[in-house]
Amino acid sequence: MAPTLAESATDSFDLTDFVINQGNGVKGLSDLGIKSLPIQYIQPQEALINIIPNESIPVIDMSNWENDPKIAESVCEAAERFGFFQLVNHGVPLEVLEGVEDATHGFFGLPAAVKRTYSKELSPSNSVRFGTSFSPDSEKALEWKDYLSLFYVSDDEANALWPPQCKDECLEYMKKAEILCKKLLTALMERLNIKEIDEKKESLLMGSRRINLNYYPRCPNPQLTVGVGRHSDVSSLTFLLQDEIGGLYVRVNEGKGDEDGWVHVPPIKGSLVINVGDALQILSNGRYRSVEHCVIASGSKNRISIPVFVNPKPTDVIGPLPELLAAGEKPKYKNILYSDYVKHFFRKAHDGKKTVEFAEV
Ligand SMILES: COc1cc(/C=C/C(=O)SCCNC(=O)CCNC(=O)[C@H](O)C(C)(C)COP(=O)(O)OP(=O)(O)OC[C@H]2O[C@@H](n3cnc4c(N)ncnc43)[C@H](O)[C@@H]2OP(=O)(O)O)ccc1O
Ligand SMILES: O=C(O)CCC(=O)C(=O)O
Ligand SMILES: [Fe+2]
């Protein structure tokens with residue numbers, strides 16, 4: 001039987017105030033040593049997933065990228081088929097990855113009163129936001145995750161506004177990921193017969209960046225809740241660094257004859273998980289797939305993950321690329337202002353792939 005709120009906290013305990021308003025987050029709840037999951041976090045049955053064992057997303061070794069065109073082909077095939085793949089020997093140095101992981105622990109280890117100064121209500125800028133769950137005002141059940149989200153405007157702004165405990169490490173990781181991003185996007189565009197990424201396309205594909213630091217503390221009943229509910233990213237490409245704990249699941253075989261279900265993305269030291277986001281699905285007129293994924297927290301360990309979301313500029317209008325339409329493809333998506341698309345995503349609870357319907361013809 002599901003535990004009640006009274007079993008997980010005292011009658012006088014105001015969970016929303018403690019977790020959201022006071023900035024304790026789910027880390028604060030977990031640190032209290034609660035033995036069962038508060039009722040606010042119990043997800044409906046349909047949010048829970050059917051896991052398929054013995055299947056996986058591709059792992060691609062990039063060490064011979066410059067000399068072996070088959071590696072770029074594998075990347076493009078994985079982006080078409082799974083929308084997700086892991087990269088090893090990708091060129092982002094291990095020290096940079098370890099640096100941003102340590103900095104993430106440093107940030108979440110700060111007192112709640114300090115983290116709270118970066119909340120939506122108190123943060124001096126919209127580019128910096130500390131929060132919990134995804135969209136608590138619109139969710140039926142909360143998600144077991146705290147996060148810090150940093151939108152990159154300029155180095156000067158980051159130096160002035162991002163938390164000093166993690167800003168240098170976040171900037172370094174973002175910049176190294178950008179070099180890798182250019183390589184991948186060049187290959188993905190070549191596959192669409194687009195030989196040059198000019199200024200306009202560079203803006204549409206990688207005109208803005210956001211880095212999130214995600215913290216999933218140990219959870220008393222992880223099977224009753226989610227760390228992140230099923231969603232697709234609204235980015236062009238996402239570069240995700242996960243620690244050694246595991247818990248990321250990706251949907252496979254949706255709408256195909258084979259068993260529709262979820263596969264685990266096993267942590268590989270030094271690797272990056274890459275996924276296609278909605279913006280690239282729309283720009284490629286559905287050729288590259290942004291795929292649903294979710295996170296189940298651990299029952300025994302605290303987990304962190306650090307996605308860099310590479311996106312169009314908020315002011316860009318996105319739609320199928322003109323070269324694809326000139327080649328005779330029928331557009332599957334309308335032209336849409338990217339910031340409207342992202343606002344639509346952030347204002348509702350996670351709901352799988354539904355955001356993309358907002359752009360469908
Ligand atoms: C947090 O848990 C997550 C996050 C994700 C993220 C997946 C991605 O793919 S992130 C990449 C998104 N792309 C961009 O950020 C680039 C484009 N950016 C923009 O267009 C704008 O910066 C903006 C995001 C639309 C914000 O513009 P602004 O004018 O400041 O709009 P607001 O009215 O303030 O915000 C709209 C609405 O969204 C909420 N919101 C804003 N930023 C965030 C954020 N970082 N995290 C969560 N929610 C955010 C904001 O509160 C507003 O909602 P209201 O209800 O308050 O009106 C995947 C999975 C996760 O679990
Ligand atoms: O924590 C993870 O492994 C994935 C997080 C995620 O999907 C996101 O932040 O968009
Ligand atoms: Fe995601």
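**A friendly note on this predicted model**

1. Helices here are DSSP runs of H or I with at least four residues, strands are runs of E with at least two, and both are numbered from the N terminus.

2. Before going on, a word on reading the model: this is a predicted model, in which local features need pLDDT of at least 70, side-chain atom pairs count only at pLDDT 80 or more, and totals for chains, interfaces and linings use all residues. Residues are numbered from 1 along each chain as its sequence is written, while chains are lettered from A and ligands numbered from 1 in the order in which they are written.

3. Back to the shell. Ligand 1 is surrounded by 26 residues, where a residue counts as near if its C-beta atom, placed from the backbone, lies within 6 Å of the molecule. The closest are S149, D233, P314, S339 and F346. Elements giving two or more residues to this shell are β4 (146-151), β5 (208-216), β6 (228-231), β12 (303-311) and α12 (338-346).

4. In class terms, the shell around ligand 1 holds ten nonpolar, nine polar and seven charged residues. Nonpolar means Ala, Val, Leu, Ile, Met, Phe, Trp, Tyr, Cys and Pro; charged means Asp, Glu, Lys and Arg; the others, Gly among them, are polar.

5. Along its principal axes, the C-alpha trace spans about 65 × 50 × 40 Å.

6. Of the 361 residues, 44% count as buried. Buried means 20 or more other C-beta atoms within 10 Å of the residue's own, exposed means 12 or fewer, and partly exposed is in between, with C-beta atoms placed from the backbone.

7. Most residues other than glycine have a negative phi. N54, however, has a positive phi of about 65 degrees, and N253 also has a positive phi of about 65 degrees. N54 sits in the loop between α3 (25-31) and β1 (59-61) and is exposed, with 5 other C-beta atoms within 10 Å. N253 lies in the loop between β8 (248-252) and β9 (261-264) and is partly exposed, with 15 C-beta neighbours inside 10 Å.
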